[in-house]
Amino acid sequence: MPAENPATESVDAVVIGMGPGGEAVATELARAGLAVVGVEGRLLGGECPYYACVPTKMMVRAAETLAEARRVGRLAGSAQPQPDWAPVAKRIRDEATDNWDDRVAVERFESAGGTFVRGWGRLAGPGQVHVDTADGPRDFRALRAIVLNPGTVPAVPPIEGLAETPYWTNRDAVTTTEVPESLIVLGGGPVGVEFAQIFARFGAEVTVVVRSRLIPRAEPEAAETLAKVFAEEGISVRTGVDTERIDHDGEYFTVRLSTGDPIRARRLLVATGRHTDLGALGIGTIGLDEHARGIEVDDRLRAAEGVWAIGDVTGHGAFTHMSMYQARIAAADILGSATEPAQYHAVPNVTFTEPEIGSVGMTEAQAREAGLTVWTGRADIPAATRGWIHGPGNAGFVKLVADADRGILVGATSVGPVGGEVLSALTVAVHARVPITTLREMIYAYPTFHRAIEAALGDLG
């Protein structure tokens with residue numbers, strides 16, 4: 001091991017990566033009286049408040065308002081909405097991101113007793129953290145804990161020609177001040193489909209290109225429902241194709257596919273996943289594999305002696321709520337407080353398209369692959385009372401996946417106008433392993449969207 005820098009600063013804990021989970025664990029440790037250094041090269045708070053969850057859901061809200069206005073003719077009279085992106089861009093800057101300024105977040109952390117260092121941190125050996133800052137390097141010795149929360153950055157596929165073009169990632173899409181006249185979206189995961197529907201509803205001609213199908217990790221029925229809605233809204237979807245080359249002539253992108261004619265658009269959004277550079281994080285210096293897909297942790301989020309890891313890098317779901325959940329457990333473990341071990345059998349997630357697509361636990365395919373005796377049940381939202389009342393925009397369903405041998409739900413999908421909210425009841429059922437008999441004996445309020453759960457239970461098995 002190299003000799004320690006005599007200027008090394010000794011502290012109790014260093015948190016590398018101050019996304020939502022990193023900020024939460026660092027703040028908890030600081031409030032407990034530990035000397036804590038939080039290190040972040042970008043904005044304190046991470047991707048969620050500045051480029052993901054918060055601003056994109058403001059965009060979703062605006063796009064849904066336009067869609068509802070266009071339904072007035074079928075429900076309440078007449079209306080002729082005129083899309084205008086200016087209020088959306090202004091709200092994102094003023095209300096969500098403070099024009100991408102994290103001063104409030106930094107002050108919040110420092111007022112809790114933490115020390116914030118803006119720079120790029122990496123492990124330099126057991127208990128050692130090196131940080132490159134604009135003012136020069138700083139070295140820290142963590143006497144009690146190092147927490148790794150590096151987050152992820154957009155993964156850009158090695159498509160011929162792509163690197164030489166002015167493509168967008170989610171960050172560019174969030175910061176845009178105007179809607180492109182046409183847009184090609186590479187990728188059909190949650191990020192890709194959300195942006196596709198947002199910009200289409202604001203007038204862009206949108207084509208989505210995916211190698212497999214839309215939202216490939218969700219139930220196939222969810223993908224089919226969303227594809228139907230996209231077709232009704234004029235969004236073109238090219239599935240089962242590879243992108244072979246991308247060119248840009250100064251005005252338009254041309255995307256050449258493995259099948260069919262090339263497609264052209266003013267803008268190209270790359271939404272093909274995210275990744276973490278473990279090599280840059282220096283985990284090899286403590287004996288961890290820098291070439292792995294992520295960092296393996298135990299049920300207390302321990303990655304190595306004196307090192308904890310949380311968030312996307314642990315491989316249990318790239319969700320803010322996952323990072324926050326793990327932060328609570330890691331902080332308690334570091335402080336020696338009693339806490340439950342991490343459990344991942346009931347991880348919820350929501351894709352904020354219209355319809356919203358919420359899921360928790362296993363899909364039917366995953367349950368069968370796990371060797372369970374599987375029962376499924378389904379209820380379609382348009383056929384349910386609230387769906388019929390709701391009328392236009394009522395696409396969706398509730399699907400339940402049960403382990404017949406144990407008599408419990410192991411997974412569920414809720415697709416519909418408030419699919420993410422209906423998911424909450426299903427998440428409780430999967431997490432707490434509530435017996436199916438108990439769920440069938442419950443009283444479900446009428447007429448609600450969540451009453452479709454009762455109908456799906458009636459179809460189960």
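Two strands count as paired if DSSP finds at least two bridges between them. Helices (H or I, at least four residues) and strands (E, at least two) are DSSP runs numbered from the N terminus. The model here is predicted, so local features need pLDDT of at least 70 and side-chain atom pairs count only at pLDDT 80 or more, while totals for chains, interfaces and linings use all residues. Residues are numbered from 1 along each chain as its sequence is written, and side-chain values use heavy atoms, with hydrogens and water left out.

**Exercise 1. Trace the strands S3, S4 and S5: how do they pair?**

Step 1. Start with strand S3 (residues 115–125) and strand S4 (residues 128–133), which pair in the antiparallel sense over 6 bridges.

Step 2. Check the turn. The hairpin of S3 and S4 has 2 residues between the strands, and Gly 127 takes a positive phi near 75° there.

Step 3. Carry on to strand S5 (residues 136–148), which runs antiparallel to S4 and is joined to S4 by 6 bridges. Here Val 131 has Arg 138 in S5 as its bridge partner. The link from S4 to S5 is a hairpin too, through 2 residues.

**Exercise 2. What is the strand order in the open sheet of 5 strands, and which helix lies across S19 and S20?**

Step 1. The order reads S17-S18-S21-S20-S19, with antiparallel pairing. Strand S17 (348–351) and strand S19 (374–380) are the edge strands, each pairing on one side only. Neighbouring strands of this sheet are turned by 10° against each other on average, direction ignored.

Step 2. Follow S19 to strand S20 (residues 397–403): the two pair in the antiparallel sense over 7 bridges, and Trp 375 stands opposite Ala 402 in S20.

Step 3. Now place the helix. H16 (residues 452–459) lies across S19 and S20 and runs at about 135° to S19.

**Exercise 3. Is Leu 66 buried or exposed, and what does Leu 66 touch?**

Step 1. Leu 66 has 10% relative accessibility, so Leu 66 counts as buried.

Step 2. Find the element. Leu 66 lies in helix H3 (residues 53–69). The expected span of a helix is 1.5 Å times one less than its number of residues. For the 17 residues of H3 that gives 24 Å, and the end C-alpha atoms are 24 Å apart, which agrees.

Step 3. List the contacts, meaning heavy atoms within 4.5 Å. Leaving aside neighbours within four places in sequence, Leu 66 is in contact with Pro 81, Pro 83, Arg 201 and Phe 202.

Step 4. Widen the view to H3. Its buried residues, including Met 58, Val 60 and Leu 66, pack against helix H2 (47–51), helix H4 (72–75), helix H5 (86–96), helix H7 (170–175) and H8.

**Exercise 4. How many residues of H8 are buried?**

Step 1. Count: 10 of the 12 residues of H8 are buried, so-called "mostly covered". Among them are Val 193, Phe 195, Ile 198 and Arg 201.

Step 2. Check the length. H8 (residues 190–201) should span 16 Å, and its end C-alpha atoms are 17 Å apart, which agrees.

Step 3. Step past the end: just after H8, Gly 203 takes a positive phi of about 110°.

Methods
Axes are lines fitted to C-alpha atoms, for helices over the stretch in contact, and angles run from 0 to 180 degrees between N-to-C directions. Buried means under 20% relative accessible area, exposed over 50%, partly exposed in between (1.4 Å probe, protein chains only).
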